[in-house]
Amino acid sequence: MTWIKRIGFFLLTNILIMTTISIVTNVLGYFGFGIQAFGVNLTQLIVFCLMWGMVGSFISLFLSKYMAKWSMGVKTIDPKNASSHEMEVYRRVQSLAQRAHLPMPEVGIYDSPEVNAFATGPSKSSSLVAVSTGLLNRMSGQELEGVLAHELSHVANGDMVTLTLIQGVVNSFAMFISRIIAMLIANSVKEEMAHMVRFLVTIALDIAFSILGSIAVAYFSRIREFRADAGGAKLAGRESMISALEALRKVIDQPEDERGAALASLKISSKKGGFLSLFATHPPLEERILALRQMR
């Protein structure tokens, strides 16, 4: 199932980042930085983990817009050479951005039958809002307005930066705890085996804590979706936002574009189920619609 692949990709990406950092620091001779034979220099170890834990997250943030364009084949709209269909999307984004007091983001369309959209970028002044051709073909003007307002609310809320910081802190915490535990285990074996044991245990714990940490990151991602829905309702009107989510609910069982596995957390909706719902980056559409109906 597509949603299982997306959750798997979400977990695998973070695991690979953490494992790569551990291997690189070991090769460079910094793997045991802050760890002495008979104890731990906590200050050095905390600084080390914070520095490396944030690296992968911020690299992903700064490359997010370019990777999204490349992976999804996003065609950005140039208002000087745009078709009437493209200009409708551009003008809607422009109007909503003015209401939200945001710099005009790049606006793009990607060719895909899925009914979806996403916003990404490292800052409010360097963002991208993209919609699929499937969404444009299936949604009314009111529903499209709700989708675009939701995506611009993500930009206005600084959600990309917030989620990056959360991911970085989770990575740093995972690195710190795994190295403390690995040191304790390594101190219980023969001296000639200590380095290898510490390295292997650290890698294993990095993977385990990355999986657990992903649950926390997914939880915060679900919270930001409720906030973006509320922001979208303020920009485009509550009925437009509800109409957009209702339209998404009607096509929830249709195939999703697997090119966007890395962008699953950025899109306006995604699938989930069972235990793996703990790793879902989006709440169920029914819950989101109910929250909007109850919003004052």
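Biologist: Which residue's backbone nitrogen lies 3.0 Å from a polar atom of the side chain of Glu86?
Modeller: Bear in mind that this is a predicted model. Glu86 itself is found in helix α3, which covers residues 84–99. A polar atom of its side chain lies 3.0 Å from a backbone nitrogen, and that nitrogen belongs to Ser83.

Biologist: Okay, and is Glu86 buried or exposed?
Modeller: Leaving out residues up to four places away in sequence, Glu86 touches Lys75, Ile77, Asn81 and Ile109. The cut-off for buried is under 20% relative accessible area. Glu86 comes in at 13% relative accessibility, so it counts as buried.

Biologist: Over to the strands: which residue is the bridge partner of Val107 in β6?
Modeller: Strand β4 spans residues 106–110 and pairs with β6 in the parallel sense, over five bridges. Strand β6 takes in residues 126–132, and six of its seven residues are buried. Within β6, the partner of Val107 is Val129.

Biologist: And which β6 residue is the bridge partner of Thr120?
Modeller: Strand β5, residues 117–123, runs antiparallel to β6, with five bridges joining them. A hairpin of two residues links β5 to β6. Thr120 has as its bridge partner in β6 Leu128.

Biologist: How far apart are the end C-alpha atoms of residues 160–185?
Modeller: An unreviewed UniProt entry annotates this stretch as "transmembrane region", along with 7–33, 45–63 and 197–220. In the model, residues 45–63 are 100% helix, with end C-alpha atoms 28 Å apart. Residues 160–185 are also 100% helix, and there the end C-alpha distance is 37 Å.

Conventions. Residues are numbered from 1 along each chain as its sequence is written. This is a predicted model: local features need pLDDT of at least 70, side-chain atom pairs count only at pLDDT 80 or more; totals for chains, interfaces and linings use all residues. Side-chain values use heavy atoms; hydrogens and water are left out. UniProt positions are given in the numbering used here, feature names are shortened, and annotations may be inferred rather than shown by experiment. Helices (H or I, at least four residues) and strands (E, at least two) are DSSP runs, numbered from the N terminus. Buried means under 20% relative accessible area, exposed over 50%, partly exposed in between (1.4 Å probe, protein chains only). A polar contact is a pair of N or O atoms within 3.5 Å; within protein, one must be able to donate a hydrogen and the other to accept it, and residues adjacent in sequence count only if both atoms are side-chain atoms. Contact means heavy atoms within 4.5 Å. Two strands pair if DSSP finds at least two bridges between them.
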